Amino acid sequence: SERSSDRQGCREDGQKGSSMIETVLLCMSLNLYFEARGEEVQGQIAVAEVTLNRVASPAFPDDICGVVLQENENGCAYSWWCDGLSDEMSEGNSMKRAKAIAELMILEGEYISVVGEEATHYHATTIDPPYWAEDMEETARVGNHVFYKERKPDLSPMPRPKEISCLENADDVYVEGVCKQ
């Protein structure tokens with residue numbers, strides 16, 4: 001699956017091994033905690049899935065920490081990262097659950113799906129759809145979040161222009177929008 005390709009790497013660390021895994025686990029755990037700690041398990045899995053889908057997409061950073069901490073001209077990809085509030089996980093049970101789900105998704109996420117491999121965006125149901133949602137296709141509603149994937153262009157064939165249909169018969173003539181025989 002696309003999501004399995006190098007989803008564990010965190011460029012800041014640059015080395016393989018336990019410290020890299022711990023850094024990646026921390027990034028994913030923080031994201032699950034602050035984005036979905038009040039959600040049921042499937043809601044937290046869906047948020048983790050979007051994070052991994054972004055890692056697999058060429059439109060986003062190619063590592064978990066890069067995706068979670070991404071900032072651009074519109075702000076932060078995940079609101080908790082730049083909301084000015086503490087980033088300390090203070091609720092013990094929620095922290096343990098976020099870490100367990102983060103570890104599961106990092107190691108086995110390619111086999112677990114709630115929203116699908118194409119979902120790359122979501123927002124809380126408590127807000128109006130953000131500016132980017134009009135260019136996206138809703139894929140699922142899980143818990144308190146709405147999930148989206150990129151809208152595919154309509155590739156269905158266009159109707160054949162009358163001018164061409166008319167001209168296929170040598171006896172027909174197209175004059176002022178009318179095909180005459």
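Biologist: How much of the protein counts as buried?
Modeller: Of its 181 residues, 39% count as buried. Keep in mind that this is a predicted model.

Biologist: Fine. How many helices and strands are there?
Modeller: The protein has 5 helices and 7 strands. Along the sequence they run α-α-α-β-β-α-β-β-β-α-β-β.

Biologist: And what share of the contacts is between residues 24 or more positions apart?
Modeller: That share is 58%, taken over contacts with a separation of 6 or more.

Biologist: Let's switch to pockets. How much space lies in the largest pocket?
Modeller: About 650 Å³.

Biologist: Which residues lie nearest its centre?
Modeller: Cys76, Ala77, Tyr78, Tyr122 and Trp132. The whole lining of the largest pocket has 22 residues.

Biologist: Which elements supply at least two residues of that lining?
Modeller: Helix H1, residues 18–36, is one of them.

Biologist: Which gives the most?
Modeller: S3 does, with 4 residues in the lining of the largest pocket.

Biologist: What about the lining by class?
Modeller: It has 12 nonpolar residues, 8 polar ones and 2 charged ones.

Biologist: On to aromatics. How many aromatic pairs are there?
Modeller: The count comes to 3 aromatic pairs. One of them joins Tyr122 and Phe147. Their ring centres are 5.3 Å apart. The planes meet at 40°, so this pair is tilted.

Biologist: Why does a 40° angle make that pair tilted?
Modeller: Planes under 30 degrees apart would count as stacked, and over 60 as edge-to-face. The angle for Tyr122 and Phe147 is 40°, so the pair is tilted.

Biologist: Where do Tyr122 and Phe147 lie?
Modeller: Tyr122 is in strand S3, and Phe147 is in strand S5, residues 145–150. The pair therefore ties together parts that are 25 residues apart in sequence.

Biologist: Are Tyr122 and Phe147 buried or exposed?
Modeller: Tyr122 is buried, and Phe147 is buried too.

Biologist: What kind of pair do Trp132 and Tyr148 form?
Modeller: An edge-to-face one. The distance is 5.3 Å centre to centre, with 90° between the planes.

Biologist: Which parts does that pair tie together?
Modeller: Trp132 sits in the loop between S3 and strand S4 (136–142), and Tyr148 in strand S5. So the pair links parts 16 residues apart in sequence.

Biologist: Why does Trp132 count as buried?
Modeller: Because its relative accessibility is 17%, and buried means under 20%. Tyr148 is at 6%, so Tyr148 counts as buried as well.

Biologist: New topic. What lies over the face of Tyr33?
Modeller: Arg37 does, at 4.5 Å from the ring centre.

Biologist: Now the loops. Where is Gly143?
Modeller: Gly143 is in the loop between S4 and S5. At 57% relative accessibility, Gly143 counts as exposed.

Biologist: What is Gly143 in contact with, leaving aside its neighbours within four places in sequence?
Modeller: Glu39 and Thr125. Gly143 and Glu39 are 104 residues apart in sequence. In space they are 6.2 Å apart, C-alpha to C-alpha.

Biologist: One more loop. Where does Ala59 lie?
Modeller: Between helix H2 (41–56) and helix H3 (64–68), in the loop. Ala59 is exposed, with a relative accessible area of 60%.

Biologist: How are Ala59 and Thr120 separated?
Modeller: They are 61 residues apart along the chain. Their C-alpha atoms are separated by 9.9 Å.

How values were computed. Residues numbered from 1 in each chain as written. Predicted model: local features only at pLDDT ≥ 70, side-chain atom pairs only at ≥ 80, totals over all residues. Heavy atoms only, no water. 1 Å grid on protein atoms, 1.4 Å probe; cavity = no way out; pocket = protein on both sides within 12 Å on 5 of 7 lines; lining within 4 Å. Points joined across faces, edges and corners; volume = space filled by probe spheres on them. Nonpolar A, V, L, I, M, F, W, Y, C, P; charged D, E, K, R; others polar. Phe/Tyr/Trp six-rings, centres within 6.5 Å; stacked < 30°, edge-to-face > 60°. Buried < 20%, exposed > 50% of the residue type's maximum accessible area, 1.4 Å probe, protein only. Lys NZ or Arg CZ within 6 Å of the ring centre and 35° of its normal. Contact = heavy atoms within 4.5 Å.
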